[in-house]
There are 2 protein chains.
Amino acid sequence: MTTLQDTMQQIGRQARQASRVMMRASGAQKAQALLAMAESLSTQRSALQSANATDVEAARARKLEPALLDRLTLSERSIDVMIEGLRQIAAMPDPIGGLSATTVRPNGMQVAQMRVPLGVIGIIYESRPNVTIDAAALCLKSGNACILRGGSEALQSNLALAKIVAQGLIAAGLPQHAVQVIDTPDRAAVGELITMTEHIDVIIPRGGKSLIKRLAAEARVPMIKHLDGNCHVYIDAQADLNQASDIAFNAKTYRYGVCGAMETLLVHKDVAAACLPTLAKRLSAHGVELRGCIQTQQLIPQAILATEEDWATEYLGPILAIRIVDSIQEAIAHIERWGSGHTDSIVTQQIAAAQQFQREVDSSSVYVNLPTCFADGFEYGLGAEIGISTNRLHARGPVGLEGLTTLKWVLQGNGQLRGH
Amino acid sequence: MTTLQDTMQQIGRQARQASRVMMRASGAQKAQALLAMAESLSTQRSALQSANATDVEAARARKLEPALLDRLTLSERSIDVMIEGLRQIAAMPDPIGGLSATTVRPNGMQVAQMRVPLGVIGIIYESRPNVTIDAAALCLKSGNACILRGGSEALQSNLALAKIVAQGLIAAGLPQHAVQVIDTPDRAAVGELITMTEHIDVIIPRGGKSLIKRLAAEARVPMIKHLDGNCHVYIDAQADLNQASDIAFNAKTYRYGVCGAMETLLVHKDVAAACLPTLAKRLSAHGVELRGCIQTQQLIPQAILATEEDWATEYLGPILAIRIVDSIQEAIAHIERWGSGHTDSIVTQQIAAAQQFQREVDSSSVYVNLPTCFADGFEYGLGAEIGISTNRLHARGPVGLEGLTTLKWVLQGNGQLRGH
């Protein structure tokens, strides 16, 4: 009898083997595979949608929440978006093989670094079948093999998508095992995946914070992970107050659920009276609940008194905490104490304040005169995004194709010897 | 009663606090601290040497091996080397604060990445007191706080060195807790160190493979670690055979104990007869034991028959395994199967072979016409080396100051809003 562990080991070995071939694949081959997948998606819409319908019906029978059902459903529109995504990634430059930092040592040997794939990437995600295509495309483009483990509610959809992916790989002469979808709903498969250090080089979990925390606590394979996004906007004494108001409003209301949404607004005491009442009116009119420190309450009567709990909370909803501070130092100290190191912004017209904030705030993204909701790989010009990392090592902030690669040293000489 | 865990937590909190200040320290301040340490080392030699003598006597009484005693001893010469190292690191450019990859997005916002410290670094090492100074200096220069845990045999020496380091930090107005030496010989302290994810950003273990493997298995904090260095030289059909012989001889004999030492020599069958007998004579005369495949034995009668065990072994001594291969593909496949992904080299005059080898061999360093023993940060021009990483993520191969830093995104705008 084959155990789950045997199956997972087999998948791991196949991935490693495929990764050796993927490492050497040309940019043209990888683009060909991606375009073939786009083509297959387009011609096999109906088969894909009927597989998806099975998942959706089962989920509906199990009374899944409407938001989850929505994510699970592959509409015409969401298939179009996947096709477009594949074409865009196909058109991007090949991230692999380029040399950087070439220097010549005194003995004449050349030292450079070559960008190479990470190897095998495991991706664990919830029941959003579009992630299957996104993740497969990004891993493929960056020369990696991947093992995909989606939510069990999306299994039939993911298996249908896996077939389409395999067709694309085969059409381009690439190994089918370069993208494998785990087809068992057994949750123990995830436990195997995050501990197979010999076969998997990195795990990227996508999903809710509690899932990621639990995985991180048990993983032996390194993870590129996203935890909290408790983001701040600080309105400095020297800010353009109209700009500040627009930035704060956009940072909170662009979308409540994105990790770059502002959760706490810090305002310098010198401009609080001039700026907060109108901004508060605008936010309240938009349905945002306001909580604030005692000074804030004096300016915004409708604000509930904020507690330390509020400074610590990533609401991901229509709630905003507001605190009035005496100085930029106090704002930076608040962010250091309560922030999550994700994305924080200062609104100021003063160069010195902007520089101090950008230098001293230890977050993966630090902005000047921009709303925190810009935290996104596409907005940064990365062309694609596998996620946003709250790690300090390797990839930090929005992770594009480069985050799925690493560097190796390549040295060229003509017989130099050491110690001679 | 204060438990070990409390003590370690306290050290961790102090380190985090100090790291906030170190992050903002100017290059001038950091250089001043390093030069003050060099000065203190120079003026306090006798106090240092008497602390060291206590360690050495105790170790001698416990009948430590001569090699270990040698590493433990702080001679005049080794103190001079530490002083010189501090001055060199002081003179290096500040790795922190520079911007790279600045682009302007269509909406006018500027996107760049700023090099910043990792935060708090834990370093675990054996009884070489000079590592205390090296590691402290590199962490300080890169704006990190560090927690040092040396071998218990060197405790008195390390505490004396810690005093000198503290004097340097204080002289430059930097926090004393930026460098902390753990002063308990209790081994459980290491277990705490490698799991304090909230206070420590990365652990760098230096020492024997078995120590590192054990730590890696238990760590929760990410590690920059060095495991195996099973390095290969491959002599291609189109090699300059005199050059090949010199490279192979140097790769094996420069120093047997370095991780870049060649452990297996691969030779193309077309040049084996022309190249192996003289090379074998030279190696044997130097005291190197030869083991080889059957074809090798036909050319080198003194060679013992190699087994799979030999292909897998990092001898770190005067033994060399030799295998004759039919093609460059077979050489690359051997390295893929048996190598450790550390450093591998091809000797060839053919561009196509060099390119294929550099592209396809998945090691942290891949050379053309150079001996593998060049694997060293100083040889690569890094100016300093904290170690060599066999990780794939973050830092790979020789790790200099840059490996102790990370990047944060810094964006500057003038009120751009998202979705507008």
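Trainee: Which residue in E8(A) is the bridge partner of His232(A)?

Mentor: The partner is Thr264(A). Keep in mind that this is a predicted model.

Trainee: Why is E7(A) called largely enclosed by the rest of the structure?

Mentor: Five of its five residues are buried, so that description applies to E7(A). Both faces are covered. Cys231(A), Val233(A) and Ile235(A) are buried on one side, and His232(A) and Tyr234(A) are buried on the other.

Trainee: How do you know that His394(A) is buried?

Mentor: A residue needs 20 or more other C-beta atoms within 10 Å to be called buried. His394(A) has 21 such neighbours inside 10 Å, so it counts as buried. His394(A) sits in the loop between strand E14 (387-389) and strand E15 (397-399) of chain A.

Trainee: What is noted about the phi of His394(A)?

Mentor: Its phi is near 65°, a positive value in a residue other than glycine. Most residues other than glycine have a negative phi.

Trainee: Which loop holds Asn369(B), and what is its phi near?

Mentor: Asn369(B) belongs to the loop between E13 and strand E14 (387-389) of chain B. Its phi is near 55°, again positive in a residue other than glycine. Asn369(B) has 23 other C-beta atoms within 10 Å, and is therefore buried.

Trainee: What makes H2(B) roughly antiparallel to H5(B)?

Mentor: H2(B) and helix H5 (residues 76-91) of chain B pack at about 165°, with axes 8 Å apart. The angle is over 145 degrees, so H2(B) is roughly antiparallel to H5(B). Their crossing is left-handed. Residues in the contact include Ala31(B) and Leu35(B) of H2(B), with Ile79(B) and Met82(B) of H5(B). The class count is 12 nonpolar, one polar and one charged.

Trainee: How do the two chains meet, and how many residues of each are in contact?

Mentor: 55 residues of chain B are in contact with 55 residues of chain A. Of the elements on the chain B side, E16(B) gives the largest share, seven residues. The residues on that side divide into 22 nonpolar, 20 polar and 13 charged.

Trainee: In which sense does strand E13 of chain A pair with E16(B)?

Mentor: Strand E13 (residues 365-368) of chain A and E16(B) pair in the parallel sense over four bridges. Val368(A) stands opposite Gln412(B) there.

Trainee: Which strands form the open sheet of 10, and why is one side of each edge strand left without a neighbour?

Mentor: The order is E1(A)-E2(A)-E16(A)-E13(B)-E12(B)-E7(B)-E8(B)-E11(B)-E9(B)-E10(B), with mixed pairing. Strand E1 (99-104) of chain A and strand E10 (304-305) of chain B each have a single partner strand, so one side of each lacks a neighbour in the sheet. Within the sheet, E8(B) and E11(B) run parallel and are joined by five bridges, and Leu266(B) stands opposite Arg323(B).

Trainee: Which strands does H10(B) lie across?

Mentor: H10(B) lies across E7, E8, E11 and E12 of chain B, at about 170° to E7(B). Helix H14 (residues 328-338) of chain B also lies across E7, E8, E11 and E12 of chain B, at about 140° to E11(B).

How values were computed:
Residues numbered from 1 in each chain as written. Chains lettered and ligands numbered in written order. Predicted model: local features only at pLDDT ≥ 70, side-chain atom pairs only at ≥ 80, totals over all residues. Contact = placed C-beta atoms within 7 Å. Helix = DSSP H or I, 4+ residues; strand = E, 2+ residues; numbered from the N terminus. Nonpolar A, V, L, I, M, F, W, Y, C, P; charged D, E, K, R; others polar. Pairing = 2+ DSSP bridges. Buried ≥ 20, exposed ≤ 12 C-beta atoms within 10 Å, placed from the backbone. Axes fitted to C-alpha atoms, helices over the stretch in contact; angles between N-to-C directions. Parallel < 35°, antiparallel > 145°, perpendicular 65-115°, else oblique. Left-handed = near helix turned anticlockwise from the far one by under 90°.
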